[in-house]
Amino acid sequence: MARIAIDMDNVMADLTQHLLDVYAKEYGEIIDPERLNNIPEGSAFPEGVATKILSAPGFFRGIPVMAGSQEVVKALADQHEVFVVSAAMEFPLSLAEKHAWLNEHFPFISWKNIVFCGSKTIVEADYMIDDHDKNLSAFKGTPLLFTAPHNLPLTDYRRVNNWEEVAEYFELSAVKNENHLLAVS
C-alpha cells in the first residue's frame, strides 16, 4: 500500500477553466485557453485580476471537477493511502470552500486525509500528483506532473495528462474496465 498525495487545483479541480469562465462573465472578454499555454499562471489576465478573482468569496466552491478524477481517486483510495494536499494558505477564504467542495465531490476522503498547508515541502508520501514544479522539486518520493497550461515546458518529471493516465500508471484495472464499459455503451 502506497501513500499518495494529490493536489486539488488543476489536478482534481479544473481551476483554469473556472478562472476563464469567471473572467468571461465578470469582464466580458473570452480568453482563448491556448493563450495560457507555456506562461506563468494568471499572466494572461490584466495585472491583479487573477488574484482578485481567486480571492473572491465563492470562487473555490464553484470549481468544476476535473474529468475522471472522482472515479480514479476513489479507486486509488480503495487500494492505497490517499491524502488530498492543497497549498490553500495563500487564499484564506479557500479553506472552508475547498473543504466543502471535497465533501461534496469526494465524500469518501476522510477529513483525516485532507491537508491544507502553505508549503508542500513538509509532505512525506510515496507519490505526489501535482501541477507545480515548486511542489514537486523538493518532494522526496516519486513526483507525477499533472498537465496544466503553465507547466507544458517542464520535462523533468513523469507527466500524466489526465486521470485515465493516472489510472494506467497505478494499474487500476477496475477503473479502466469501468471507463471502457462507459465508452462502449
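This is a predicted model: local features need pLDDT of at least 70, side-chain atom pairs count only at pLDDT 80 or more; totals for chains, interfaces and linings use all residues.

To begin with, rolling a probe the size of a water molecule over the atoms shows where empty space is left. Here, the largest pocket holds about 720 Å³ of space. Its lining is made of 32 residues, and those nearest the centre are Glu-41, Leu-54, Glu-90, His-132 and Lys-134. Three elements each supply two or more lining residues: helix H1 (15–27), helix H2 (49–55) and helix H5 (133–136). Sorted by class, the lining of this largest pocket has 15 nonpolar residues, nine polar and eight charged.

Next, the second largest pocket, with about 210 Å³ of space. There are 13 residues lining this second pocket, and Asp-14, Thr-16, Thr-147, Ala-148 and Pro-149 are the closest to its centre. Which element gives the most to the lining of the second largest pocket? That is H1, with three residues. By class, the second largest pocket is lined by six nonpolar, five polar and two charged residues.

That brings us to H1 itself. H1 has 13 residues and spans 18 Å from first C-alpha to last, close to the 18 Å expected at 1.5 Å a residue. Which residues of H1 are buried? They are Leu-15, Thr-16, His-18, Leu-19, Leu-20, Val-22 and Tyr-23. H2 is among the parts that cover these buried residues of H1. Just after H1 comes Gly-28, with a positive phi of about 70°.

That is where I will stop.

How values were computed
Residues are numbered from 1 along each chain as its sequence is written. Side-chain values use heavy atoms; hydrogens and water are left out. On a 1 Å grid over the protein atoms alone, a cavity is a set of points where a 1.4 Å probe fits but cannot get out, and a pocket is an open set with protein on both sides within 12 Å along at least five of seven lines; lining residues have an atom within 4 Å of a point. Grid points are joined across faces, edges and corners, and a volume is the space filled by probe spheres set on the points. Helices (H or I, at least four residues) and strands (E, at least two) are DSSP runs, numbered from the N terminus. Ala, Val, Leu, Ile, Met, Phe, Trp, Tyr, Cys and Pro count as nonpolar, Asp, Glu, Lys and Arg as charged, and the others, Gly among them, as polar. The expected span of a helix is 1.5 Å times one less than its number of residues. Buried means under 20% relative accessible area, exposed over 50%, partly exposed in between (1.4 Å probe, protein chains only). Contact means heavy atoms within 4.5 Å.
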